[in-house]
Amino acid sequence: MSTPSHRSPLKRLRFAPVAVIAGVSASVFLALSLTGTLSGFAASITNDINTAASGTLTMQEQNAGGTVTCSSTDGGSVSTNSATCSSINKFGGSTTMTPGSTVNTSISIKNTGTANASTFTLSPGSTCTQSKNGSQNGTATDLCAKMKLVITSGSTTVFSGTLASFAGAAASAFTMPAAPAAGATVPFTFAVTLDSSAGNAYQGLAASVPMTWTFTS
């Protein structure tokens, strides 16, 4: 009859730590395989505001007293951005001028938008129109050639000539002030003089020329 083998207590004690170490090593290996690494350096930047937006280029005209204002958006909105201003008369609107007299009118043009203008032009209408003023009218047909216009901006003379020559003149021929930056204002003075040689045939007559101010960017 065989005798059962018995492992000595000392061998069992020596085996136990080895088994524990092996188990811990397996756990660490498993953890590494799941997380990839235990530590490391990292850096990152998140840009959470990335936008681009268009500015606006709008114009305002105002009389010298600041009591009358016209805006390029008066025609509806910035989508149109073009309006007609019938409340600021650059020629003064006098109906009682006599030969040699001058009427001065001051106005200002302002860039009320957020974008700087790159060009600034003044374009007169193609025709100087003569009409009757009141019930008594002279027979002259060339009043536009007898009315002199001088447009200045500070020390700069923008135009000097008759209303007849002003009408249809190319804007590029004018010495315009620098295009205004956003928020900047440009002053202008219009001086209209009835020629001193005008006789009775020029009584009771009026002359007019439309004009258009333009910014571009």
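Me: A disulfide is a pair of cysteine sulfur atoms within 2.5 Å. How many disulfides does the count come to by this rule?

Reply: Two disulfides. Keep in mind that this is a predicted model: local features need pLDDT of at least 70, side-chain atom pairs count only at pLDDT 80 or more, and totals for chains, interfaces and linings use all residues. Residues are numbered from 1 along each chain as its sequence is written, and side-chain values use heavy atoms, with hydrogens and water left out.

Me: OK. Which cysteine is joined to cysteine 128?

Reply: Cysteine 144, with an S to S distance of 2.0 Å. The torsion about that S-S bond is -85°, and the link of cysteine 128 and cysteine 144 is left-handed. Cysteine 128 lies in the loop between strand S4 (119-124) and strand S5 (129-132). Cysteine 144 belongs to helix H2 (residues 143-146). They are 16 residues apart, so this bond ties distant parts of the chain together. Helices (H or I, at least four residues) and strands (E, at least two) are DSSP runs, numbered from the N terminus.

Me: Are cysteine 128 and cysteine 144 buried or exposed?

Reply: Both are buried. Buried means under 20% relative accessible area, exposed over 50%, and partly exposed in between (1.4 Å probe, protein chains only).

Me: And which cysteine does cysteine 70 pair with?

Reply: Cysteine 85, again by a disulfide, S to S 2.0 Å. About its S-S bond the torsion is about 55°, so the disulfide of cysteine 70 and cysteine 85 is right-handed. Here too, distant parts of the chain are linked: cysteine 70 sits in strand S2, while cysteine 85 is in the loop between S2 and S3, 15 residues apart.

Me: Is cysteine 70 buried or exposed?

Reply: Cysteine 70 is buried, because its relative accessible area is 10%. Cysteine 85 has 22% relative accessibility, so it counts as partly exposed.

Me: What pattern do the disulfides follow?

Reply: It is 1-2, 3-4, with bonded cysteines counted along the chain.

Me: New topic. How many salt bridges are there?

Reply: The count comes to one salt bridge. That term means a side-chain nitrogen of Lys or Arg within 4 Å of a carboxyl oxygen of Asp or Glu. Lysine 90 and glutamate 61 form the bridge, and their closest N and O atoms are 2.7 Å apart.

Me: Where in the chain are lysine 90 and glutamate 61?

Reply: In distant parts, 29 residues apart. Lysine 90 is in the loop between S2 and S3, and glutamate 61 is in strand S1. Both lysine 90 and glutamate 61 are buried.

Me: What about rings? How many aromatic pairs does the structure hold?

Reply: Eight. Rings of Phe, Tyr and Trp (its six-membered ring) pair if their centres lie within 6.5 Å; planes under 30 degrees apart count as stacked, over 60 as edge-to-face and the rest as tilted. Take phenylalanine 166 and phenylalanine 174: their ring centres are 6.0 Å apart with planes at 10°, so the pair is stacked. Both of these phenylalanines are buried.

Me: Which residues form an aromatic cluster?

Reply: Phe120, Phe188, Phe190, Trp213 and Phe215 form one.

Me: Last one. Where is threonine 95?

Reply: Threonine 95 is in the loop between strand S2 (69-71) and strand S3 (102-111). It has 55% relative accessibility, so threonine 95 counts as exposed. Its C-alpha atom is 7.7 Å from that of alanine 206, a residue 111 positions apart from threonine 95 along the chain.
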